[in-house]
Number of protein chains: 2
Amino acid sequence: MSNNPAILFANDAFYLAVAKRDNAAMAEVWAIDTEVSCLHPGWPPIIGRDDVLESWRRILGNEQQPPIEVFGASARIVGGCAVVLCYETVSQNFLIATNLFVRENGLWRMILHQSGVTSPPEEFPETETLETVQ
Amino acid sequence: MSNNPAILFANDAFYLAVAKRDNAAMAEVWAIDTEVSCLHPGWPPIIGRDDVLESWRRILGNEQQPPIEVFGASARIVGGCAVVLCYETVSQNFLIATNLFVRENGLWRMILHQSGVTSPPEEFPETETLETVQ
């Protein structure tokens, strides 16, 4: 997979917004002119910018929500979309995420996020090299 | 969401290949010229056409594998990609899937499949109207 820095930057911005519980930054992450979808594990699918951002306000406003860490991101451009796959760790559980982005006004903005349970990767980075977003 | 018939046809072809345990049809579903990824729930991420098709050979060759039914598909085109969201039912469990397609030689072919646990939809179609693929 190619790893376009601008796309990985957009992907990092998403997890940074999560880590900082920053709703304004989260609103910047998501597309404005393109319909967006968010598939949180175990939740009903959430369609539309307003509902997606509201779901994140609930998550980020929940003091019991454990940190979400990201590592192992790979990005590629297919058609006009950017596809990022990355691991997430939440309370020592491993998730794999698909994050889709499109360009809007020169910026890569997220149009879809799905994360779901995966098995621990064979090559799990040492803790000190984790790309932590706490 | 718009629902492009050609994309929904490609999505149906995927689930039909699953239902019929048809590895040749499954090979037709997936892209040839574009790197593909498949994220089965709980499995490690599978990257690359050969490994993705091998994973499906294992699943479709497993006589204990329960049927996978699909319903509620919605499709839209973003840039050069088609994004399909649909529900799956497996042994009365509800999954939500993201299926991505690109056009190769005039056909929409799958480049990514991720399915993961979701909650039962509020509007669950009656059994007789389910778009069953068994």
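**Exercise 1. How many bridges join strand E4 (residues 81–90) of chain A to E5(A), and in which sense do the two run, parallel or antiparallel?**

Conventions come before the solution. The model is predicted: local features need pLDDT of at least 70, side-chain atom pairs count only at pLDDT 80 or more, and totals for chains, interfaces and linings use all residues. Residues are numbered from 1 along each chain as its sequence is written, chains are lettered from A and ligands numbered from 1 in the order in which they are written, and side-chain values use heavy atoms, with hydrogens and water left out.

Step 1. Strands (E, at least two residues) are DSSP runs numbered from the N terminus, and two of them pair if DSSP finds at least two bridges between them.

Step 2. E4(A) and E5(A) run antiparallel and are joined by 10 bridges.

**Exercise 2. Describe the pairing of E5(A) with strand E6 (residues 107–117) of chain A, and the burial of E5(A).**

Step 1. E5(A) also pairs with E6(A), in the antiparallel sense over 10 bridges. A:Val102 has A:Arg109 of E6(A) as its bridge partner.

Step 2. E5(A) and E6(A) form a hairpin with two residues between them; in the turn, A:Asn105 has a positive phi of about 50°.

Step 3. Of the 12 residues of E5(A) (residues 93–104), 10 are buried, so the strand is largely enclosed by the rest of the structure. Buried means under 20% relative accessible area (1.4 Å probe, protein chains only).

**Exercise 3. Characterise the interface of chain A and chain B.**

Step 1. The two chains bury about 2300 Å² between them, 59% of it on carbon and sulfur atoms. Buried area is the accessible area (1.4 Å probe) lost on putting two parts together, summed over both.

Step 2. The contact (heavy atoms within 4.5 Å) takes 33 residues from chain A and 33 residues from chain B.

Step 3. Between the chains there are zero salt bridges, a salt bridge being a side-chain nitrogen of Lys or Arg within 4 Å of a carboxyl oxygen of Asp or Glu.

Step 4. On the side of chain A that touches chain B, E1 (37–39), E3 (68–78), E4, E5 and E6 of chain A each give two or more residues. E6(A) gives the most, with six residues.

Terms used:
Buried < 20%, exposed > 50% of the residue type's maximum accessible area, 1.4 Å probe, protein only. Helix = DSSP H or I, 4+ residues; strand = E, 2+ residues; numbered from the N terminus.
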